[in-house]
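Here are a few notes to read with the model open beside you. Take them one at a time and find each spot as you go.

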Amino acid sequence: MADAIIRLHAADNLVIALADLPGGTILAGLPVALPGPVPRGHKLATRAIARGETVLRYGQSIGQATEDIPAGGHIHSHNLGMGPHSTDYAMGTQATPLPPLPGRTFLGYHRADGQVGTRNYIGILTSVNCSGSVARFIAEAAEKDPALSAMPNIDGFVPIVHNTGCGMSGVHEGYDTLMRTLKGYARNANFGGILLVGLGCEVMQVPDLVGQGRLRPDGNFRYMTIQGTGGTRATIQKGLEVLREMAEVASKVARASAPVSKLIIGLQCGGSDGYSGITANPALGHASDLLVRMGGTTILSETPEIYGAEHLLTRRAVSAEVGEKLIERIGWWENYTAINGGEMDNNPSPGNKRGGLTTILEKSLGAVAKGGTAPLSGVYKFAEPITSPGFVYMDSPGYDPCSVTGQIASGATMIVFTTGRGSVSGYKPSPCIKLATNSEMYNRMAEDMDINCGDIIDGVSIEAKGAEILDKIIAVASGERTLSEELGFGGAEFVPWQIGAVM
């Protein structure tokens, strides 16, 4: 049964099961029959591993054995722990520029500041949770309004609603992070206009958000407060009037050809399994490299889920300064989790573990594969505007909706999301392409998954699948709808990162 397992690196002392293997199974290359069952996607030892010995996957440490593991034994949470680990960051030693490729084009929405969007929504952005329902009422009324529904070139009206904006400190990190997030959404190229709605008495004051200059370079921006406008019904009526004015402007922008160098793609994974680091993640990494070679920008995030694999990124940093920025973020997270009674090895999640992942080191090594091999050109805080093209990193929690929220605030006009367990979500205003890591889940959830990467196990090359993903990115950027868009996702996944006390 040689085809029932896969070895990922010559130095590994384990292999991955590609099918459910019952106890007693005889596998080529193993000295004994399996002493017990090993589920699909899980690990088994190629030889006896002593307690305390380092366990290797991808040629990298994923932890230490917590007990003696026999040859053929199932390696998982019962006998593998994170243990102590040290890292050689080797700043910039592998920052080799990739050879450029001829550029391709897509049909997008050109904005006044030079950005190009993949969608043309009008957003109803809220400063505080207290204005969330009214923002939804305005969006619902707009969708039913005959004058607005007749407008060409508009994808819809999106209420951007959240559960913060008050009951928080008006200074320091949490406030600054929310400010960046709201401003980033207002400026995202997938919005053709923004109406900002506040209550009036909140901590995140509308005048502070608006600031001294225009929040959007095209000027298609309006704001109001419910208290100042005269209550719920008056705000809905006024909001509709404003949206009609804004829609007149936004509808005049039609899709036009743009180079793919204008694309900014958020790379995400959620509901990962033992196949993620073998199929979808490296395939997405190859697509990322192709896009970067054409001048585009890709964003890797989820700092708690690259923990233990950060050395693979610092070695690709274009400068020591860029590498140190990433390490500073790692240190911030170590302190943040410690003072809140957590630890960096709180991942993998229960679903990840059922899929075959055991320690955060193992999960992180697979997650980093989404970033391909391109040099790391920049490191940014959550929701900080991306200013350097190429492959970049944005700090964020590992919680997918929150991480994607930061990427969109930083400028992402599309999300590509790998999943092994079957995550379902969407992220307006940016379309989300879902990549399945295994064929079984893809077949079971085909209405949610745009591309199956499980066929890599059957012989499709990483390079061919990466090219397929790039083609899909360009098609979606040009207007093709993803399955999550067809299902109506995207109205509940705006999740700003809340840092600090809720008071």
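**Notes on the strands**

1. Start with S20 and strand S21 (residues 451–452), which pair in the parallel sense over two bridges. Strands pair here if DSSP finds at least two bridges between them. Ala 436 stands opposite Asn 452 in S21. To get from S20 to S21, the chain goes through helix H13 (residues 439–444), a right-handed β-α-β crossover. Right-handed means that, with the strands pointing away from you, the path from the first strand over the helix to the second runs clockwise. Helices (H or I, at least four residues) and strands (E, at least two) are DSSP runs, numbered from the N terminus.

2. A word on the source: this is a predicted model, where local features need pLDDT of at least 70, side-chain atom pairs count only at pLDDT 80 or more, and totals for chains, interfaces and linings use all residues. Residues are numbered from 1 along each chain as its sequence is written, and side-chain values use heavy atoms, leaving out hydrogens and water.

3. S20 also pairs with strand S19 (residues 414–419), in the parallel sense over five bridges. Look for Val 416, whose bridge partner in S20 is Ile 433.

4. Is S20 (residues 432–436) mostly covered or uncovered? It's mostly covered: five of its five residues are buried (under 20% relative accessible area, with exposed over 50% and partly exposed in between; 1.4 Å probe, protein chains only). In a regular strand, side chains alternate between the two faces of the sheet. Cys 432, Lys 434 and Ala 436 are buried on one side, Ile 433 and Leu 435 on the other.
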